[in-house]
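Please read these notes with the model open beside you.

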Amino acid sequence: MSPGSGASTSRDGGSFDTFFEGWLVRHEHYLEELLTAQQQCREYQGDDVKDLITRVLSHYQQYFEEKSRVAQRNVFLVFSPTCLSSLECASLWITGFKPGFALRLVFSSVQDLSQEQSERIERLMEETKVEERVLNDELARVQENVAAPPLLEMARKQARRMNVEGGREEALLTLRKALEEVVAGADLLRMTTTMKVVEILKPEQNVRYLTAATQLFLNLRKLGLQKDANTKG
């Protein structure tokens with residue numbers, strides 16, 4: 001590993017932190033828009049609602065694209081991102097939200113599902129569980145094949161420094177490549193699951209669903225930052 005890799009790691013982490021700060025500001029703005037659309041549904045026309053949904057989904061897509069770029073440079077950073085609180089990190093499933101949890105959020109945020117919609121969501125939940133198990137098994141195999149230490153421990157160490165000695169370097173490169181593939185698979189499952197939900201729901205139902213998801217994200221962050229502050233204090 002090159003001597004400058006530690007500095008590169010720091011730049012990658014700092015770059016994502018900067019992106020995340022701006023992304024959070026936009027996230028809060030989208031929540032305001034979603035709440036307004038939900039409260040003033042009569043004033044919002046069909047095209048306005050569809051445009052808002054498209055922009056919110058694009059906003060989430062930007063996050064995944066930036067995270068993917070960071071993962072390709074140093075996948076360990078996305079397993080232990082410095083921009084997240086301890087609570088947020090503890091809630092991660094393969095570097096992001098668990099798709100099955102997002103599906104359960106549909107039932108708690110959308111109360112007027114038709115029988116057909118409910119059945120389609122339930123089928124999607126079963127399909128998603130299978131995909132989650134496949135990714136969990138793949139992640140376990142990755143660690144076993146390279147005799148890796150616990151993943152979070154490795155992630156925290158490698159997010160701070162990347163100077164590896166002797167034969168460890170080859171094993172680490174193998175681990176990084178395999179982890180990149182698992183993370184890419186998990187992110188793909190997250191996005192495809194979300195898009196399938198959006199296809200099942202009506203526009204006004206999507207507004208309620210995306211509002212709940214956006215609020216949950218921000219509430220978890222607020223609680224996590226408070227807990228970290230209290231721990232330090």
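1. Is aspartate 112 buried, partly exposed or exposed? The model is a predicted one, and in it aspartate 112 counts as partly exposed, because its relative accessibility is 41% and the partly exposed class runs between under 20% (buried) and over 50% (exposed).

2. Aspartate 112 has a salt-bridge partner, arginine 208, with 3.0 Å between the closest N and O atoms. This pair links distant parts of the chain: aspartate 112 sits in the loop between α5 and α6, while arginine 208 belongs to helix α9, 96 residues apart. Arginine 208 is also partly exposed, at 22% relative accessibility.

3. The structure holds 9 salt bridges. Another one of them joins arginine 55 to aspartate 51 (2.9 Å, N to O). Both residues lie in helix α2, 4 residues apart, or about one turn of the helix. Arginine 55 has a relative accessible area of 27%, and aspartate 51 has 40%.

4. Glutamate 126 and lysine 129 form a salt bridge too, at 3.6 Å between the closest N and O atoms. They are 3 residues apart in helix α6, so about one helical turn separates them.

5. On the overall fold, the chain has 9 helices and 0 strands. Of its 233 residues, 42% are buried.

6. The largest nonpolar core has 57 residues, and Val197 and Tyr209 are among those with the most contacts inside it. Helix α8 gives the most to this core, with 11 residues. Leaving aside neighbours within four places in sequence, the contacts of valine 197 include Leu103, Ile121 and Tyr209.

How values were computed:
Residues are numbered from 1 along each chain as its sequence is written. This is a predicted model: local features need pLDDT of at least 70, side-chain atom pairs count only at pLDDT 80 or more; totals for chains, interfaces and linings use all residues. Side-chain values use heavy atoms; hydrogens and water are left out. Helices (H or I, at least four residues) and strands (E, at least two) are DSSP runs, numbered from the N terminus. Buried means under 20% relative accessible area, exposed over 50%, partly exposed in between (1.4 Å probe, protein chains only). A nonpolar core is a set of buried Ala, Val, Leu, Ile, Met, Phe, Trp, Tyr and Cys residues joined through side-chain atoms within 4.5 Å. Contact means heavy atoms within 4.5 Å. A salt bridge is a side-chain nitrogen of Lys or Arg within 4 Å of a carboxyl oxygen of Asp or Glu.
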